[in-house]
Each structure stands twice: as C-alpha cells, then as structure tokens.
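Could you help me get to know this structure through a few exercises with worked solutions? I'm new to it, so please go step by step.

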Amino acid sequence: MASSARTVEEIFKDYTARRTSILRALTLAFFSSLRCRSLYGLCDPDRENLCLYGHPNESWEVSLPAEEVPAELPEPALGINFARDGMNRKDWLSLVAVHSDSWLISLAFYLAARLNRNERKRLFTMMNDLPTVFEVVTERKPVKDKPSIESESKSQGSTKVKSNPKIADADYEDNEDEHGETLCGSCGGNYNADEFWIGCDVCERWFHGKCVKTTPAKAESIKQYKCPSCSLRSGRH
C-alpha cells in the first residue's frame, strides 16, 4: 500500500500506523490460539518467500513481495516463514520484530528523502521516543540516555552555545554562501559546523571557542557569556 506522506508529521503518522499494525500481528501470533488466523499460522514454511506488511490504515498482511523491480516502496524482510519451524516461537517473533523495525525505519526515511537535515533529525527524534517493535515484543524497557551538555545547557537557560549558530532553529540549506554569513567576531573566520562556537549575550556576536579561550565544558557553567570586548567595556563603567 503506497503512501503519500511528505511532511514530518505525515511521515510520522504513517510510521506509527504501520508500527501499530505490525505490533498487532506479532501480539496476535504470540497470544492467539487461532493459529490459522495468526501471523504464526499464515507463515507456512512450505509456501514461497513471504513478507509481513504493515499498512497506513493499521491493517497487516502476510503476502508475497511486490513483483515490480524496483518496488514502489522499500520491501520488508523476505522469507520470514522459512525459519518459523526451526526456532522457538518467541525467538522467531523476536527475529521478525527486529526485521520489522528495520523496515519501518527504512520506509520512513525513504519518504523523508526530500526533507532537510533538521526535519530528518526531528523525525528521527519523534520515532526514537517510541519503543521499538522488538522492545515491545520482548518486553524490554528502553534505556534512557544521560542528558548531553547541550541539552543541559538549554534546560538550565545558560549561555548561547551552538554547533550550528544563527541557523540552528531554521531549516538547514546546503548552501555555503548562507553559512558564510556567520563570521567570528574575533578572527573574522567563516562558520564551520565542525568547530565549537559561542555567542555573546550582550553584543550577540558569535566567536570560535578557541578564539575566546572557551571550551564546551567551560561554557556549561557560564550563565551569561560576555565576549572580551563587552567585558572590557563593562569594566570601564
């Protein structure tokens, strides 16, 4: 079933609907005694290569792969039925869950091909906030990451520290001229995404961390950063 999703929200909605359908198939396969209607019963090893499809309307089906090459959309794992009888049911369902997670992510980012970097990052964050199909099926609890220096700085309302100044909250464009508009207030050098930058809270100019002798760790403890020029001026008053 094709998808017309194009925006971050539309792609995420498509992802969650397909994920829900996959979870229904795997849950039914684990708990249902109606083997003929469950995923487990439908994946007969004597049949040809079968795939588990989750659809945007939250329905699921076990079917042969698409005949057209290349397919309109990325295809799920092929031949999930062949390993069914050679494994414990729970292990087999866990294997199908892992392949389903891989398919859901690949499909979402196939649809996200025309999004910019910030939009793709936001989409992944939204997806990553949900437990994976594998985690649900195996009842594993996701491990929470420790907050990063950047996230802690934002939550504490500390000084402006960005690896992507001026454009961090705007849509990313692969345009070197736009990046070049941000210059270091000390050396006049162009913006480089690979370097640490810090913004002055007084004059609002940006500086290479190395030019003002400031590191990410040091910036974390600064509530309001003043560049050398602004510090000098405030000291004269």
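Predicted model: local features only at pLDDT ≥ 70, side-chain atom pairs only at ≥ 80, totals over all residues.

**Exercise 1. Find where Asp14 sits, and decide whether it is buried or exposed.**

Step 1: look along helix H1, which covers residues 8-31; Asp14 is part of that helix.
Step 2: check the accessibility. Asp14 has a relative accessibility of 7%, and the cut-off for buried is under 20%, so Asp14 counts as buried.
Step 3: see what the side chain touches. A polar contact, at 2.7 Å, links the side chains of Asp14 and Arg18.

**Exercise 2. Work out what stands out about the phi angles of Glu58 and Glu204.**

Step 1: start with the background. Most residues other than glycine have a negative phi.
Step 2: now read off the angles. Glu58 isn't a glycine, yet its phi is positive, about 70 degrees. Glu204 isn't a glycine either, and its phi is positive at about 65 degrees.
Step 3: Glu58 is in the loop that runs between strand S1 (51-54) and strand S2 (60-63), while Glu204 is in the loop between strand S4 (197-199) and strand S5 (206-208).
Step 4: check how open they are. With a relative accessible area of 30%, Glu58 is partly exposed; Glu204, at 52% relative accessibility, counts as exposed.

**Exercise 3. List the residues that Leu64 contacts, leaving aside its neighbours within four places in sequence.**

Step 1: locate Leu64 in the loop between S2 and helix H3 (89-111).
Step 2: note that Leu64 is partly exposed, its relative accessible area being 41%.
Step 3: with those neighbours within four places set aside, the contacts of Leu64 are Glu48, Asn49, Leu50 and Tyr53.
Step 4: take Tyr53 from that list. Leu64 and Tyr53 are 11 residues apart in sequence, and their C-alpha atoms are 9.7 Å apart in space.

Methods: Residues numbered from 1 in each chain as written. Heavy atoms only, no water. Helix = DSSP H or I, 4+ residues; strand = E, 2+ residues; numbered from the N terminus. Buried < 20%, exposed > 50% of the residue type's maximum accessible area, 1.4 Å probe, protein only. Polar contact = N/O pair within 3.5 Å; in protein donor to acceptor, adjacent residues only side chain to side chain. Contact = heavy atoms within 4.5 Å.
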